[in-house]
Amino acid sequence: MKVKEQLLTLSPYKPGKPIEEVKKEYNLETVVKLASNENPYGCSNRVKEAIYEELNHMALYPDGYSAELRTALAEYLHVKDEQLIFGNGSDEVIQIICRALLSPETNTVMATPTFPQYRHNAVIEGAEIREVPLRNGDHDLSAMLSAIDEQTTVVWVCSPNNPTGTYVKQKDLMEFIKQVPKHTLIVMDEAYYEYAAQGEDFPQTVDLLDEYENLIVLRTFSKAYGLASLRIGYGIANEALLQRIEPAREPFNTSRMAQKAAVEALKDQDFINECKRKNEDGLQQYYAFCEKNGLNYYPSYTNFVLIDFGQPGDEVFQFLLERGYIVRSGNALGFPTSARITIGTKEQNEQIIQLLQEYVSKHKSFA
């Protein structure tokens with residue numbers, strides 16, 4: 001059986017080892033996962049109550065239009081119901097965009113390193129991929145503009161960027177958007193929006209949708225809202241644009257439980273604000289550690305931090321894994337001497353920083 005040739009160039013997503021497997025392999029009682037940028041504080045209690053009630057309706061198909069969530073989110077964002085599209089995580093909205101707009105006759109422009117699903121889905125659709133290296137951890141928007149031509153149907157801007165945690169500033173973004181041709185869709189992927197909004201010049205992109213019909217903003221309930229396991233994300237865009245790409249969305253693509261949980265999560269902004277505050281405190285713990293040891297890092301507007309240890313990222317990963325902490329090696333992220341660490345609770349941060357201090361001190365003694 002012959003599959004698309006481009007699929008042969010890709011590897012399926014490989015999740016990290018399950019916690020129970022790590023416990024058994026290294027004879028550990030406790031393992032802490034700080035690799036996937038999940039919210040260490042879980043989700044709102046309102047969500048837990050809603051999920052319990054929803055267990056009574058497991059035999060029923062979900063609402064394919066997500067009407068209750070659509071209305072609640074539209075009101076929260078101050079947009080029209082018709083300006084929303086929902087996905088099984090924002091990953092699926094990325095897939096929908098690629099399915100609708102990319103083909104072997106088109107190209108797509110993105111930064112590198114950035115969120116890998118842009119490239120992954122573009123490869124599947126057979127599109128030409130034009131990658132523009134980051135500049136000091138930031139998108140090089142002028143170079144990305146230069147890469148756009150008549151066949152460019154999508155340009156991706158991950159802000160804050162994964163894995164660096166930096167964001168595109170308001171002035172820079174406006175200059176960029178004004179110059180992108182109308183035939184090119186600008187995708188602003190703001191998966192970490194709730195954490196990033198603290199930035200003074202962080203652009204409020206939803207306010208731009210009425211003026212720029214070739215703009216779509218992606219967000220998710222997986223990060224700050226703590227609903228990663230339920231897989232629900234969304235896009236916000238011009239109504240006419242969404243009508244054109246909606247046929248690429250699978251029916252019933254978000255579950256009843258996910259829809260209901262998201263509705264309740266929106267109602268508890270006190271929980272989100274508390275998580276943001278604790279996350280900022282956690283970032284400061286890592287910054288202090290880096291500055292004490294002269295380690296380079298990118299100031300982050302997410303719930304993770306990318307630290308350059310000057311040693312193989314895989315080695316840092318393994319050192320921590322054997323001691324019960326799962327992080328992400330920068331080797332697979334385009335930063336071979338770095339590690340990306342999700343911000344945990346205060347206690348988790350203290351414990352892993354103590355281990356990192358041991359690792360750094362050991363390597364300093366060999367220098």
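I take contact to mean heavy atoms within 4.5 Å. This is a predicted model, where local features need pLDDT of at least 70, side-chain atom pairs count only at pLDDT 80 or more, and totals for chains, interfaces and linings use all residues. Residues are numbered from 1 along each chain as its sequence is written, and side-chain values use heavy atoms, with hydrogens and water left out.

Entry on Tyr 41. I found Tyr 41 in the loop between strand S1 (32–33) and helix H2 (45–54). Helices (H or I, at least four residues) and strands (E, at least two) are DSSP runs, numbered from the N terminus. Leaving aside neighbours within four places in sequence, I list Phe 271, Cys 275, Lys 278, Gly 344, Thr 345 and Lys 346 as contacts of Tyr 41. Tyr 41 counts as partly exposed because its relative accessibility is 25%; buried is under 20%, exposed over 50%, and partly exposed in between (1.4 Å probe, protein chains only).

Entry on the open sheet. I looked up the strand order, which is S9-S10-S13-S12 with antiparallel pairing. Strands S9 (296–297) and S12 (328–329) are the edges, each pairing on one side only. Two strands pair if DSSP finds at least two bridges between them; S12 and S13 (residues 338–342) have 2 bridges. Ser 329 stands opposite Ala 339 in S13.

Entry on S3 and S4. I see strand S3 (residues 107–112) joined to strand S4 (residues 128–133) by 6 bridges, in parallel. Thr 108 has Ile 129 in S4 as its bridge partner.
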